[in-house]
Amino acid sequence: MTTLSEPGTRKVRRATMSDVARLAGVSIKTVSRVVNDEPGVHPDTAERVLAAIEQLGFRRNLGARNLRRGMSTGTIGLVLEDVGNPFYSTLTRAVEEVARTYGRQVLTGSSAEDPARERELALEFCSRRVDGLIVVPAGMQHGYLVPEMRAGTPVVFVDRPAGDVVADTVLVDNLGGTAMMVNHLAGYGHSRIGFLGDAPDIFTASERLRGFREGCARAGIRYDESLVVMGPHSDAGVAVAVRRLLAGVSPATALITGNNRITIMVLRALSTLNTRPALAGFDDFELADLLSPPVTVLAHDIAAMGRAAAELLFARMEGDTSPPRRLVLPADIIPRGSGEVSP
C-alpha cells in the first residue's frame, strides 16, 4: 500500500504526478497526457492511471499550469466588508453567478472594515494572479493597486468608491434614497425625525447623512443635530441612543436607520420600550415583512449591484478599454407599516 506520509510524522502531503506514475507503473509524461486528456495513451494504460489518481486523490494545480502557459488562472478576487452580513452574502452570490457563466471561480475575503486588512487581501489575491478584482473599500487609499492595474489586472469598486484611484464603480443612490425617506415620513406628519447612521468616515454612511440633511431641507423640517447619532454602533449603545431620542419634551416621533444591522439593533431596543415611533430603515433584511408591524425599508437590488460589478469586470477582462464608468443604482421605498403612522 502506498503512503504519502513523511516518516515519523502525521502530516500527509499532496499526491504528485510522480506518485501517480509510480503507482500506475507508467512515466510522468503518460500521466500528464491522461490528466490533460491528450491522445496517444492506450485505454488500458489510461484506466490504470485514472485508478491511481482516484486512489491517491491527486488533483492538478490548475493555477500553476495556466501561469506556465500564460493563460487565465480562472479566478477573480472579491474583497468584502463582512461576508457574514446578509447584504454581502447576497452580493457575493450575484458575483458568483456571473463568474460561473464566464467559467471563473471567486475567491472571497472579509476586511472587517479594516483598510490594512483590505490591502492585505487585495494584494494576496493579486499575488495569486486572479484575472480581476472586485473591492468593497474599507479605506480611502487605493494607490497600492495602481501597479496591479497597470500590469493588466482590472479592478471594480462596489458599494463605495475608491479614494484615490479612478476605476469602474457601482453604487446605490444613498443620498437621494435617504432624502426620499425623510420626505416619506414627513408626509405622515413627522417633523422630529431621528437618524442613526454608521461611522461617518464610511462613504455610504456619510452620503446617507447628507441625504438626511437634504431631505429635511426639502420637506421644510429643521435639521436638528441632537437627533443624529452616528456609529460605529453596538446593541447597548443603540439602546441608550434610542431611549434618549424618544425622551424629553420634544422627542423624535420617527426614526431612520442607516443600514440593516442598525435597524435590527433599533428593533431590539424598541422591544423593551412602550413607545413605538415610526421606523424606516436603509437596506431590506430577511423577515422584515413578517415582524409586527412589518418594517418599512429603503430597498435596492443588491444582486443587481453584484451583477453589474461582475459584468463590468468581465468586460474589462475581455478587452473593454473605454473610460472608467460610475453606475448609480436606484433605491425605492417599500412601505410595510412601521413608517406609515402619524405622530
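Student: In what order do the six strands of the open sheet lie?

Tutor: This is a predicted model, in which local features need pLDDT of at least 70, side-chain atom pairs count only at pLDDT 80 or more, and totals for chains, interfaces and linings use all residues. Residues are numbered from 1 along each chain as its sequence is written, and side-chain values use heavy atoms, with hydrogens and water left out. Strands are DSSP runs of E, at least two residues, and helices are runs of H or I, at least four, numbered from the N terminus; two strands pair if DSSP finds at least two bridges between them. The pairing is mixed, and the order is β7-β6-β8-β9-β10-β12.

Student: Which strands are at the edges?

Tutor: An edge strand here pairs on one side only. That applies to β7 (228–230) and β12 (332–334).

Student: In what sense do β6 and β8 pair?

Tutor: Strand β6 covers residues 193–197 and β8 covers residues 254–257. L196 stands opposite T257 in β8. Over four bridges, the sense is parallel.

Student: Which side chain makes a polar contact with that of R104?

Tutor: R104 sits in the loop between α5 (86–101) and β2 (105–110). A polar contact is a pair of N or O atoms within 3.5 Å; within protein, one must be able to donate a hydrogen and the other to accept it, and residues adjacent in sequence count only if both atoms are side-chain atoms. A polar side-chain atom of R104 lies 3.1 Å from the backbone oxygen of Y102. At 2.9 Å, the side-chain partner is D131.
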